[in-house]
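Subject: Structure handover

Hello,

The structure we spoke about is below, with its sequence.

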Amino acid sequence: MNQAPGLHVPEPHLRPGDRPDFSDLAIPPAGIVPRPAIDSAPHDMRELAYALIRVLDDDGIAHGEWHPHLSPDRLIAGLRAMMLTRAYDSRMVRVQRQGKTSFYMKSTGEEAVAVAAAHALDRADMCFPTYRQQGLLIARDWPLVDMMNQVYSNSHDRLKGRQMPVFYSSREAGFFSISGNLGTQYSQAVGWAMAAASDSDPRIAAAWIGDGATAEGDFHYALTFASVYQAPVILNVVNNQWAISSYTGIAGSEQATFAARGLGFGIPALRVDGNDFLAVHAVTSWAAERARAGLGPTLIELFTYRAEGHSTSDDPSRYRPVAEAGEWPLGDPIARLKSHLIGLQAWSDERHTALEQALADEVRAAGKEAESFGTLQDSGGIPPETMFDDVYRDMPAHLVDQRRQAGL
Amino acid sequence: MPAMSMIEAINSAMDVLLTQDSSVMVFGQDVGYFGGVFRATEGLQHKHGKARVFDAPISEGGIVAAAIGMGAYGKRPVVEIQFADYIYPATDQLISEAARLRYRTAGEWWCPITVRSPYGGGIYGGQTHSQSPEGIFTHVAGLKTVIPSNPYDAKGLLISAMEDDDPVLFFEPKRLYNGPFDGHHDRPVSSWAGHPDAEVPAGHYRIPFGQARIAREGSDVTVLAYGTMVHVALAAAQETGIDAEVIDLRSLAPLDLDTIVASVHKTGRCMVVHEATRTCGFGAELAALVQEHCFFALEAPIERVTGWDTPYPHAFEWEYFPGPRRVGEALLRVMSV
């Protein structure tokens, strides 16, 4: 009698101690994927869900129909925002190690995902981010001090110390409050977009979800509603290969791309090199143009790599080769845009180093200012009686009573 | 004033606000063209257009999530979950998101959504069309939970819910949609016609949350009830001849504790009646509050008459449903101490 094949459990090719090797990853050359007209029929664009849209080649030269032809000034602004995001992340991890806050999550290696999108969207467009899109706030020139105040839960934290670090919120910057229940923002973004559409509002919504959280029901809800109501929304999947210690196979990447999830809903879906600032900018602009023209949603899979641990509470050396990040075949988004700008003779190593220094100084100054308002170490100076505020618009009697019982 | 059934009163509340407030949007399964399986939204799409009243996919989580996003945009969405038994896929969006959005952003965002849902038994709905899940939501900080017992209250409370800046769960006792029901299932069905609480103003009015209604004044025992059980309790009082004071809570959260406490101090006895399962039900909270606030006034243990701690059975509807016989027996028990 033949033995039954048994349960298939996906397993990454490499584990700690193995030599990093991405040779099995199909990386097509830059510039070969065609850019369809925004009003092309979704079924004519199905191949884009399995392609990999790249503009910058390994030498930093831009190619093909997706080349967005941005001015050097705009490219430098993008480079600056990505570098500032990295400098900010770096300082925040240091202060976490010093015990000034409880937790932090870096976006290292994924800066283009948020920054290029922010530069392609209008400032008034509404973002529903997940954990690693702090670059949206930075690209929208949101003050670092305000972000740090949140990370420190200090006396100037607008969220009154109620959220873990990096769970930012900024109505003014069009940055929706981050939730730890992964995926919930994705379906909410579609609701926001439906409301905008019902008002014929030119603003659109954009949402981000990790590859791991696409397994949540909210991903399915979002795609269903976006498709049914043709909502003006950009649905981004940040495929950074890892959901804490689970590689993308556990979220279902072995049999189809994440972009391909959109096809069954008739949602145009693009797969893009997430470490290529120009490519991310180009696909976001394309999707935004579609949404604003009333052509409905677009799904974008951003193919990238989480270069650091999931958070400061994580040790990736326990589940993947330590040197893997350095071997990622799509490189580093900052280095690639830098090389492109140098090729355009719009940038230089000297200017880059000088900017790096200036941004480090900017972050340090912001850090000092934020710390002058306190850190988690000194409880930040937020009055504890505020714990009872904002549960409802008006405090009900039982909370007034409980606040009194708490002696506050 | 026109006489309205509860379903007509609920329809009228939405109609009034759709007319007055352009930010109101109404959607859910079958609520658009068809007007809802219980007819709560009948005619609303035709009158207000399908951009404001429309059908939604069978996706309770998606419906509530979309409503939260619309609320963040500045709309006042009202969604229907076709049966309260189907609300569970939406609990993450309700409990983790809607309830806490204001808190987690210190008031930067909020969630002015109303979730309407028919609940409760009495229609042979079995275990998937009869549940009373209110206790799950009254346990959650940040949510409001409201349950009307008659057409007049249904309209005034629903308008308050729709105008509220916080998320409101509005559970509608489906057995009361078309007529009052006192639990005597073997008697002819009655309609709301001629009932004093079916005199419903055509226009806008509100019944504020946190104000219970004394449905029957009495001096022997305080009966705390809501929804269908208000009518059952009234019948039980009449049939036993016990002078019960029946309090219709109307809103469970916020709760009108003052009215409860004043009544128990007057009567010295208390019982709680609900259709939901007993263990950790809302009655447990009511009993705890009454003993905290009225311990020295109590002359008897607090009675609870509830659904049994089983799933709601199809064939044994009336063995499960806490009808006037069980409520009456409990009244006699609490008076015998």
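Helix α4 of chain B, residues 91–98, has these buried residues: Asp92(B), Gln93(B), Leu94(B), Glu97(B) and Ala98(B). The cover over them includes a helix of the other chain, α5 of chain A, as well as α3 (60–73) and α5 (101–104) of chain B. Please keep in mind throughout that this is a predicted model.

That brings in the contact between the chains. Chain A puts 34 residues into it and chain B 36. On the side of chain A that touches chain B, the elements that give two or more residues are α5 (184–198) and α6 (217–228) of chain A.

The largest nonpolar core has 216 residues. Those with the most contacts inside this core are Ala193(A), Ala205(A), Val233(A) and Ala233(B). Which residues does Val233(A) touch, leaving aside its neighbours within four places in sequence? They are Ala189(A), Val190(A), Ala193(A), Ile204(A), Ala205(A), Ala206(A), Ala207(A), Ala226(A), Ala291(A) and Pro297(A).

Next, the domains. The assignment for chain A gives domain 1 (42–374) and domain 2 (384–408). The centres of domain 1 and domain 2 of chain A, taken over C-alpha atoms, are 37 Å apart. Chain B is assigned domain 1 (6–198) and domain 2 (213–336), and for these two domains of chain B the centres, again over C-alpha atoms, are separated by 25 Å. Where the domains of chain B meet, 30 residues of domain 1 are in contact with 32 residues of domain 2. On the domain 1 side of that contact in chain B, α6, β5 (144–146) and α7 (151–163) of chain B each supply at least two residues. The residues on this side of domain 1 of chain B divide into 10 nonpolar, 15 polar and 5 charged.

Now the strands of chain B. Why is strand β1 (residues 24–28) of chain B described as largely enclosed by the rest of the structure? Because 5 of its 5 residues are buried. Both faces of β1(B) are covered: Val24(B), Val26(B) and Gly28(B) lie on one side, Met25(B) and Phe27(B) on the other, and all are buried. β1(B) runs parallel to strand β3 (residues 76–80) of chain B, and 5 bridges join them. With strand β2 (residues 53–55) of chain B, β1(B) also pairs in the parallel sense, over 3 bridges.

Strand β11 (residues 270–277) of chain B pairs with β12(B) in the parallel sense over 4 bridges, and Met271(B) has Glu303(B) in β12(B) as its bridge partner.

Last, some backbone details to look at on screen:

- Ala253(B) and Pro254(B) are joined by a cis peptide bond, with omega about 5 degrees. Pro254(B) sits in the loop between β10 (251–253) and α9 (257–267) of chain B.
- Gln345(A) is not a glycine, yet has a positive phi of about 60 degrees. Gln345(A) is in the loop between α10 (333–343) and α11 (349–372) of chain A, and counts as exposed because it has 8 C-beta neighbours inside 10 Å.
- Tyr124(B), also a residue other than glycine, has a positive phi near 55 degrees. Tyr124(B) lies in the loop between β4 (114–119) and α6 (134–138) of chain B. Buried or exposed? With 12 C-beta neighbours inside 10 Å, Tyr124(B) counts as exposed.

Regards

How values were computed. Residues are numbered from 1 along each chain as its sequence is written. Chains are lettered from A and ligands numbered from 1 in the order in which they are written. This is a predicted model: local features need pLDDT of at least 70, side-chain atom pairs count only at pLDDT 80 or more; totals for chains, interfaces and linings use all residues. Two strands pair if DSSP finds at least two bridges between them. A nonpolar core is a set of buried Ala, Val, Leu, Ile, Met, Phe, Trp, Tyr and Cys residues joined through C-beta atoms within 7 Å. A residue is buried if 20 or more other C-beta atoms lie within 10 Å of its own, exposed if 12 or fewer, and partly exposed in between; C-beta atoms are placed from the backbone. Two residues are in contact if their C-beta atoms, placed from the backbone, lie within 7 Å. Domain bounds come from an automatic or database domain assignment. Ala, Val, Leu, Ile, Met, Phe, Trp, Tyr, Cys and Pro count as nonpolar, Asp, Glu, Lys and Arg as charged, and the others, Gly among them, as polar.
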